[in-house]
Amino acid sequence: GHRARRRSTSRRTRAMHRTFVRSAMHRRVVAAAAARTRTTSSSSSSSPLAASVVARRWTPGRPAQRATLATRASATSEAPALNASGETNKALAWKAAIDFKFVRDNAELVQKNATTRKVDVDVQEIIAKYEALNALNFKCDELRERRNANAKSMKGKMDKEVRDGLIAEGKAIKDELAALEGDLAGLESELQTMAQRLPNLTHPDVPIGSEENTVTRATVGEQRAFTFPVQNHVDVGEKLGMFDFETGSKVSGSRFVYLTGVGAMLELALINWAFAKVLSKGFKPMMVPDMVRSSVVEKCGFQPRAENTQVYSIENSDLCMAGTAGIFFGGG
């Protein structure tokens, strides 16, 4: 009996060991597949899967927003959708989480806010697109129900003529649904393109107008009274040989400047001082690229391909020049 118990225990131990090994192998296989997916996604700037991977890595440490953006990222198949006219719809790299019901129910407020912020957008047109999208979605759902009912009705024995009729009906439903889904993708792309221009709502206490309409919320300290003629930083810098505006304007245009001599050294000293401060607080220094994908720029609230944009885009590429390193941390 003692030997039998030992053999039984040994068999259980070996079984547990095999299970553990299989689990470990499974984890390695999954990890390798995920790595291949990330590599493939990063190598294709226009891949919808790449946009999906970027969205899932949106904001580390903020699970709620991270999950929301991940569910709204485009993860469609690589084959572009066709509308009813047979034209290819432009694939969305990313979908903003816009509350279209709020826009519809508060159209006057949203339009007034856009006008105040000098954003050229037609809220009523956005609402019309949203309603059309909902109607088309409803039609697609009806066709999907008919398709499922058709497939269900073909189970079991029946006459050949009846089955052929059901097959023909199913094909017709499939073709109609494919055309409507193409229209749906195109309409959704148009709606997103228009709605992403909507600015955030301004707080009602914010004064409207130029700087003379600003309101002083608080005054801290007292303004220093100088006993000598005060000079601005440009006058002081030019006297010390810190700036070269003449060369800067010749090379790059007006309002550009070269930092020279102690000016260049002061710039580096300020950077080093700032790094020393943040490092002492436990922050990690990072040097990021100069180029960034358009989809990441869009997630940060910019429209790199829009008219009158201030974002520099690289021709025949999905890349843009990054104006600030914060963009990389927003989309990484």
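Colleague: Is D141 buried, partly exposed or exposed?

Modeller: Buried means under 20% relative accessible area, exposed over 50%, and partly exposed in between (1.4 Å probe, protein chains only). D141 counts as partly exposed, at 39% relative accessibility. Before going on: this is a predicted model, where local features need pLDDT of at least 70 and side-chain atom pairs count only at pLDDT 80 or more, while totals for chains, interfaces and linings use all residues. Residues are numbered from 1 along each chain as its sequence is written, and side-chain values use heavy atoms, leaving out hydrogens and water.

Colleague: Which residue forms a salt bridge with D141?

Modeller: A salt bridge is a side-chain nitrogen of Lys or Arg within 4 Å of a carboxyl oxygen of Asp or Glu. Here the partner is R144, with the closest N and O atoms 2.8 Å apart. Helices are DSSP runs (H or I, at least four residues), numbered from the N terminus. R144 and D141 are three residues apart in helix α6, so about one helical turn separates them. R144 is partly exposed too, at 23% relative accessibility.

Colleague: How many salt bridges does the structure hold?

Modeller: Eight. One of them joins the side chains of E190 and K129 (2.5 Å, N to O). That pair links distant parts of the chain, with E190 in helix α7 (residues 160–195) and K129 in helix α6 (residues 123–153), 61 residues apart.

Colleague: And where do K160 and D164 lie?

Modeller: Both are in helix α7, four residues apart, about one turn of the helix. K160 forms a salt bridge with D164, at 2.7 Å between the closest N and O atoms.

Notes:
Helices (H or I, at least four residues) and strands (E, at least two) are DSSP runs, numbered from the N terminus.
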